[in-house]
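Here are my notes for your first look. Keep the structure open and check each point as you read.

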Amino acid sequence: MYTSLLVAVDGSKQSEKALTLACYLAQSNQAKIHIVHAPEVLQHPAIMTWGLGAVSLESSRKELETISSKLVEHAVSAAKEQGINQVEGHIAHGEPTLAIIKQADKLGVDVIVMGCRGLGNLSGLVMGSVSHKVSHSAQCGVITIR
């Protein structure tokens, strides 16, 4: 059914669940997984399951890149531990919704898998979450998980 999946990770518990689901789907279909992190600078520190992903405004661009790389490396390792051999990690820059959609289009994936409540800031409550925006704008299928 699927030959290529994109899983968006941000270090949250929901993105861990999304990765687990993506791995299950990939194993069932012998599909390739593309793990994508679109770093978002938050206006306050965030505590995450993996301890990586979002950084405060005081952090430098270099710190953001380092944290993003570690997050993606961790997710790739987690996918491999779940038996996925065809896995690639990517860091997408820009506003997370647009960055995820652009990366999905560029890679030509069949489906995007993501958590529905990640580490987005307070504006997500007012203007809509990243997963909500992706599900309405992506050209491919989108699976969200709580």
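This is a predicted model: local features need pLDDT of at least 70, side-chain atom pairs count only at pLDDT 80 or more; totals for chains, interfaces and linings use all residues.

1. Start with Gln30. This residue sits in the loop between α1 and β2. Gln30 is not a glycine, yet its phi is positive, at about 50 degrees.

2. Is Gln30 buried or exposed? Gln30 has a relative accessible area of 69%. Exposed means over 50%, so Gln30 counts as exposed.

3. The largest nonpolar core has 23 residues. Leu5, Val7, Leu19, Ile33, Ile35 and Val113 have the most contacts inside this core. Which elements each supply at least two of its residues? They are β1 (4-8), α1 (13-29), β2 (32-37), α2 and β6 (111-115). Another core, of 15 residues, lies apart from the largest one. Its members include Ala8, Ala99, Ile101 and Ala104. In soluble globular proteins, nonpolar side chains tend to be buried together.

4. Look at Leu5 in detail. Set aside residues up to four places away in sequence. Leu5 then touches, among others, Ala22, Leu25 and Ala26, as well as Ile33, Val111 and Val113. Lys32 and His34 are also on its list.

5. Now turn to Glu65, in helix α2 (residues 61-81). Its relative accessibility is 27%, so Glu65 counts as partly exposed. Beyond its neighbours within four places in sequence, Glu65 contacts Ile91 and His93. Glu65 and Ile91 are 26 residues apart along the chain, and 8.6 Å separates their C-alpha atoms. The side chains of Glu65 and His93 are joined by a polar contact of 3.3 Å.

Conventions
Residues are numbered from 1 along each chain as its sequence is written. Side-chain values use heavy atoms; hydrogens and water are left out. Helices (H or I, at least four residues) and strands (E, at least two) are DSSP runs, numbered from the N terminus. Buried means under 20% relative accessible area, exposed over 50%, partly exposed in between (1.4 Å probe, protein chains only). Contact means heavy atoms within 4.5 Å. A polar contact is a pair of N or O atoms within 3.5 Å; within protein, one must be able to donate a hydrogen and the other to accept it, and residues adjacent in sequence count only if both atoms are side-chain atoms. A nonpolar core is a set of buried Ala, Val, Leu, Ile, Met, Phe, Trp, Tyr and Cys residues joined through side-chain atoms within 4.5 Å.
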